[in-house]
Each structure stands twice: as structure tokens, then as C-alpha cells.
Amino acid sequence: MNEAWYRLLSILVFTAGFWEGPAAILYRIVGDDHGHPMRPVNYLDAPWNFVASGAAIVITVALLAVLDKGREKALARERDAGATRAHAGTHTG
């Protein structure tokens, strides 16, 4: 995975997860928010909005873990390919 795509996807996933998770809970508790386009889980009645926000937090953490694992694998493949090229370039059979 290209580093730029990883960063972009990570930022988008984190932002969406934050607004649907902790921010939605905070707005509901503090401001009695009953829905906004940035926090659609608050359109749900209590306690379902808290359940949906908790699910959003869990999904966000899982997606960020998957993105990070994919990035690690891509970096390892690039390192291995570079080491193979370097080794092949120095070997004169």
C-alpha cells in the first residue's frame, strides 16, 4: 500500500469513527443532540444511539488495525525486494 493512500485512508477512517463514536456520545450527553449530518447516530433514540456509537468505535479500531497491518506487509515486501535487488547486483557468478 502506498504511504499516501495509507495516510489518507487512516485519516478518513479515524475522522468518521471519531464523529460517529466519541463525539456523538459527548454531544448527546452534554448538548442533548438529536441528530446532525455529521453525527447521524444521534438520530436514534437512547439507548440505541450509544450502542451504534460503541459499534462505530469498535469498527474504527478494527479498520485502523487492518490498515496498519497492510502497511506493515507492504513495507516488508518493499524491504525484501530491495534486499533481493541489492544482493543480485553484488553477486557475480
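Predicted model: local features only at pLDDT ≥ 70, side-chain atom pairs only at ≥ 80, totals over all residues.
I started with Ser-10 and looked up what it touches: leaving out residues up to four places away in sequence, its contacts are Leu-64 and Leu-67.

Next I checked where Ser-10 sits, and that is helix H1. Buried or exposed? Ser-10 counts as buried, because its relative accessibility is 13% and the cut-off for buried is under 20%.

Then I went to Leu-9, also placed in helix H1. Leu-9 has 34% relative accessibility, so I put it down as partly exposed.

I found it in helix H1, which runs over residues 3-20. Its relative accessibility is 40%, so Leu-8 is partly exposed.

Which residues make the nonpolar surface patch? I noted Trp-5, Leu-8, Leu-9 and Leu-12, with an area of about 400 Å².

On to helix H2, residues 22-31, where I listed Ala-23, Ala-24 and Arg-28 as buried. They cover an arc of only 130° around the axis, so they lie on the same side of H2. I then looked at the face turned away from that buried side, and there I found the exposed residues Leu-26, Ile-29 and Val-30.

Last entry: just after H2 I stopped at Asp-32, which has a positive phi of about 50°.

Conventions:
Residues numbered from 1 in each chain as written. Heavy atoms only, no water. Helix = DSSP H or I, 4+ residues; strand = E, 2+ residues; numbered from the N terminus. Buried < 20%, exposed > 50% of the residue type's maximum accessible area, 1.4 Å probe, protein only. Contact = heavy atoms within 4.5 Å. Patch = residues over 30% accessible without salt bridge, like charges linked within 9 Å, V, L, I, M, F, W, Y side chains within 5 Å. Areas by Shrake-Rupley, 256 points an atom, 1.4 Å probe, with all protein chains shown as cover. Salt bridge = Lys/Arg side-chain N within 4 Å of Asp/Glu carboxyl O. Arc of directions from axis to C-beta.
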